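Visitor: Hello! I am new to protein structures, and I would like to learn how to look at one. Could you show me one and let me ask about it?

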Amino acid sequence: MKVIRAKSAGFCWGVERAIKVAREESRGGERTVYTDGPLIHNRQMMDALGKDDIKEVGDYQSKKDLKISDKAEKESVVVVRAHGISPQRREYLKDLGLPFRDGTCPDVGIIAGKVKSHADKGHSVVIFGDPEHPEVIGLVGYAKGRSHVISNEADLHQLPALGDNVAMVSQSTMFTHEFKHLSGLLASKYPNLLVFDTICGATKERQSDLVELVESGADAIVVIGGKHSANTRKLAKLAASYDRPTFHIETANDLNPLNFSEFSTVGVTAGASTPEFIIRKVCERLEQI
Ligand code: SF4
């Protein structure tokens with residue numbers, strides 16, 4: 001079976017940066033690095049980082065108090081996840097009294113800046129995203145109670161009256177065509193709407209490379225990445241929308257050769273938090289089928 005791999009499959013710069021920050025702080029395992037929730041949304045990579053004593057201690061949404069033993073044997077440090085956190089959570093983490101480093105992706109930082117500056121100026125801020133995702137939970141924290149999260153058109157129609165000054169941003173990993181559609185609808189209601197397309201470049205690139213896989217003749221698509229990873233789930237949804245059998249897997253062990261017996265070409269892509277060693281293994285396994 002022929003395997004075509006998307007050019008952009010694998011780590012984005014924000015994930016690479018968060019891992020670099022955590023590894024620098026761990027100093028080869030000399031210090032314990034606590035991340036408030038998963039540093040990135042990939043279980044296998046978090047396990048690999050565990051070898052450098054980089055440990056996830058918070059919950060998925062970074063809401064609960066952290067349980068950090070004050071009798072730790074080694075010096076320890078807190079690192080903020082790539083998805084970012086709210087200012088309130090930042091204050092809480094800083095108050096723990098441990099050294100503190102920020103692994104927030106700068107692209108998420110830009111969205112937080114837009115939310116904060118417009119909320120400060122009195123705008124209502126509409127955030128297109130998943131209200132349960134840690135990135136969105138963090139962004140809401142910057143809006144001083146002035147934000148409204150919408151995931152679809154039905155949510156948009158249920159928004160209360162927002163006043164004359166409204167701004168709209170997106171979670172970094174959403175679909176561009178959905179953002180355009182929803183911002184267009186909102187603009188027809190609020191002519192002064194300020195629209196900021198804050199879907200990150202890495203997400204856009206992965207989505208357009210997926211279309212290229214389909215156009216290059218892939219009969220089926222394999223999307224590799226964590227089940228919690230928003231951008232991976234979006235890639236799987238996009239692939240399925242092109243009417244191609246789509247398999248969202250986490251590792252090569254999830255591949256069932258029987259599922260691929262009818263295909264001559266398979267396209268492979270991976271979310272922005274999927275490590276290279278997993279992608280390579282999946283491609284090798286597919287080529288053997
Ligand atoms: S997917 Fe985009 S926003 Fe998220 S970490 Fe990567 S570059 Fe940053």
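Visitor: Where is the place of H123?

Guide: Welcome! Before we start, please keep in mind that this is a predicted model. To find H123, look at the elements on either side, helix α4 (106–120) and strand β6 (124–128). The place of H123 is in the loop between α4 and β6.

Visitor: Does H123 count as buried or exposed?

Guide: A residue is called buried when its relative accessible area is under 20%. The relative accessibility of H123 is 11%, so H123 counts as buried.

Visitor: Which residues does H123 touch, not counting residues up to four places away in sequence?

Guide: Here we set aside residues up to four places away in sequence. With those left out, the residues that H123 touches are H118, R146, N165, V166, A167 and L194.

Visitor: What is the bridge partner of I127 in β7?

Guide: Start with the strands: β6 and β7 (residues 147–150) run parallel, joined by four bridges. To get from β6 to β7, the chain passes through helix α5 (residues 134–140), and this β-α-β crossover is right-handed. Now look at I127: the bridge partner in β7 is V149.

Visitor: Let us move to another strand. How many of the five residues of strand β10 are buried?

Guide: Look at both faces of β10 in turn. On one side are A220, V222 and I224, and on the other are I221 and V223, all of them buried. Strand β10 (residues 220–224) is largely enclosed by the rest of the structure, because the number of buried residues among its five is five.

Visitor: Which helix does the chain cross through from β10 to β11?

Guide: Follow the chain onward from β10 towards β11. The path makes a β-α-β crossover that is right-handed. The helix it passes through, residues 230–241, is α9.

Visitor: Where is V15 found, and is V15 buried or exposed?

Guide: Helix α1 (residues 13–26) is the place to look for V15. Not counting residues up to four places away in sequence, V15 touches I40, A272 and S273.

Visitor: How far apart in space are V15 and K94?

Guide: Along the sequence, V15 and K94 are 79 residues apart. In space we go from C-alpha to C-alpha, and that distance is 22 Å.

Visitor: What is the phi of D53?

Guide: D53 is in the loop between α2 (43–50) and β3 (54–56). With 12% relative accessibility, D53 counts as buried. D53 is not a glycine, although its phi is positive, at about 60°.

Visitor: What about S62: what value is its phi near?

Guide: S62 has its place in the loop between β3 and β4 (76–80). S62 is buried, with a relative accessible area of 9%. S62 is a residue other than glycine with a positive phi, near 50°.

Visitor: Now let us step back. How many residues of domain 2 are in contact with domain 1?

Guide: The protein is divided into domain 1 (2–10 + 201–288), domain 2 (18–104) and domain 3 (107–195). Taken over C-alpha atoms, the centres of domain 1 and domain 2 are 29 Å apart. Eleven residues of domain 1 take part in the contact, and the number from domain 2 is seven.

Visitor: What is the radius of gyration of the protein?

Guide: The secondary structure comes to ten helices and twelve strands. For 289 residues the globule rule gives 19 Å, and the protein comes close to that, so it is as compact as a globular protein of that length, with a radius of gyration of 20 Å.

Visitor: Finally, what percentage of the residues of the protein count as buried?

Guide: The protein exposes about 13200 Å², and carbon and sulfur atoms supply 50% of that area. Turning from area to residues, the share of the 289 that count as buried is 53%.

Methods:
Residues are numbered from 1 along each chain as its sequence is written. This is a predicted model: local features need pLDDT of at least 70, side-chain atom pairs count only at pLDDT 80 or more; totals for chains, interfaces and linings use all residues. Side-chain values use heavy atoms; hydrogens and water are left out. Buried means under 20% relative accessible area, exposed over 50%, partly exposed in between (1.4 Å probe, protein chains only). Helices (H or I, at least four residues) and strands (E, at least two) are DSSP runs, numbered from the N terminus. A crossover is right-handed if, with the strands pointing away from the viewer, the path from the first strand over the helix to the second runs clockwise. The radius of gyration is taken over C-alpha atoms; the globule rule is 2.2 Å times the number of residues to the power 0.38. Accessible areas come from the Shrake-Rupley method with a 1.4 Å probe; for residues, only the protein chains shown count as cover. Domain bounds come from an automatic or database domain assignment. Contact means heavy atoms within 4.5 Å. Two strands pair if DSSP finds at least two bridges between them.
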